[in-house]
Amino acid sequence: MSDLEGLSIEELIQEVRRLRTENLKEKQKRINAEEQLQKLRESAAEAVKQVEAEEEFISNTLMKRLSQLKSEKEKLALQIEEEEEFLTNNLQMKLEKLKREKIEMENQMEQEQEYIVNKLQRQLDELRNEKYALEKRVEELSHSSSPNFTSSAVSQPHSPSMSSFRLSHGSDNLTAARRSSSVNGGHV
């Protein structure tokens, strides 16, 4: 204010004009700064919206992929369970089949063994009967051809009297016994 006291009216008017011009310039700068600030705010808001949209897109994409992976995992787990059940059932069936085959083979072997034992028993019985028949025939022949032999000599085939009888009369008696059994259809 002290600077303005010494000025003339003309100088004061010029100073007022200068101050007004400067004031207008400052107002314009302020308006320009406010416009730039508004543009920056709008740009920042647009950037925030874009970032939020990208975040939502990424989040949705990840959720969708996670859901797909979960579904694939459940399908794989179900397939594995079905395959395990199939393999278990298949192995169980094979095991049961092997058990049945084992039982059948054991039964078959038991029947074959029984058949063989019975066959051998019959053959043994036949051989005993043939032996008995031959011994009886030898005894009959020994009684008819040699009245001096006793029954003890026949019943003891390894006695000296039986051995000498077999040596002297064995071939004739066996030939006669063979003829007799071949006529009857038997075996010697």
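Colleague: What should I know about the model and its numbering?
Modeller: Residues are numbered from 1 along each chain as its sequence is written. In this predicted model, local features need pLDDT of at least 70 and side-chain atom pairs pLDDT 80 or more, while totals for chains, interfaces and linings use all residues; side-chain values use heavy atoms, without hydrogens and water.

Colleague: Why is Phe57 called exposed?
Modeller: Its relative accessible area is 58%. Exposed means over 50%, buried under 20%, partly exposed in between (1.4 Å probe, protein chains only). So Phe57 counts as exposed. Phe57 lies in helix H2.

Colleague: What makes Phe57, Ile58 and Leu62 a patch?
Modeller: Patches take residues with over 30% relative accessible area and no salt bridge; nonpolar side chains (Val, Leu, Ile, Met, Phe, Trp, Tyr) are joined within 5 Å, like charges within 9 Å. Phe57, Ile58 and Leu62 form a nonpolar one, with about 350 Å² of accessible area together. Areas come from the Shrake-Rupley method with a 1.4 Å probe; for residues, only the protein chains shown count as cover.

Colleague: Which residues form the negative patch?
Modeller: Glu81, Glu82, Glu83, Glu84 and Glu85. Asp and Glu count as negative, Lys and Arg as positive; His and the chain ends are not counted. Each charge is placed at NZ of Lys, CZ of Arg, CG of Asp or CD of Glu. Glu85, at 48% relative accessible area, is partly exposed.

Colleague: Why is the Lys29 and Glu26 pair called a salt bridge?
Modeller: The rule asks for a side-chain nitrogen of Lys or Arg within 4 Å of a carboxyl oxygen of Asp or Glu. Lys29 and Glu26 have an N to O distance of 3.9 Å, so the pair meets the rule. Being three residues apart in helix H2, they are separated by about one helical turn. Lys29 is exposed at 55%, Glu26 partly exposed at 43%.

Colleague: How many salt bridges does the rule give?
Modeller: Eight. Among them, Arg137 pairs with Glu140, the closest N and O atoms being 3.9 Å apart. Arg137 is partly exposed at 29%, and Glu140 is partly exposed at 42%. Elsewhere, shared partners join Glu15, Arg18 and Glu22 into one network.

Terms used:
Helices (H or I, at least four residues) and strands (E, at least two) are DSSP runs, numbered from the N terminus.
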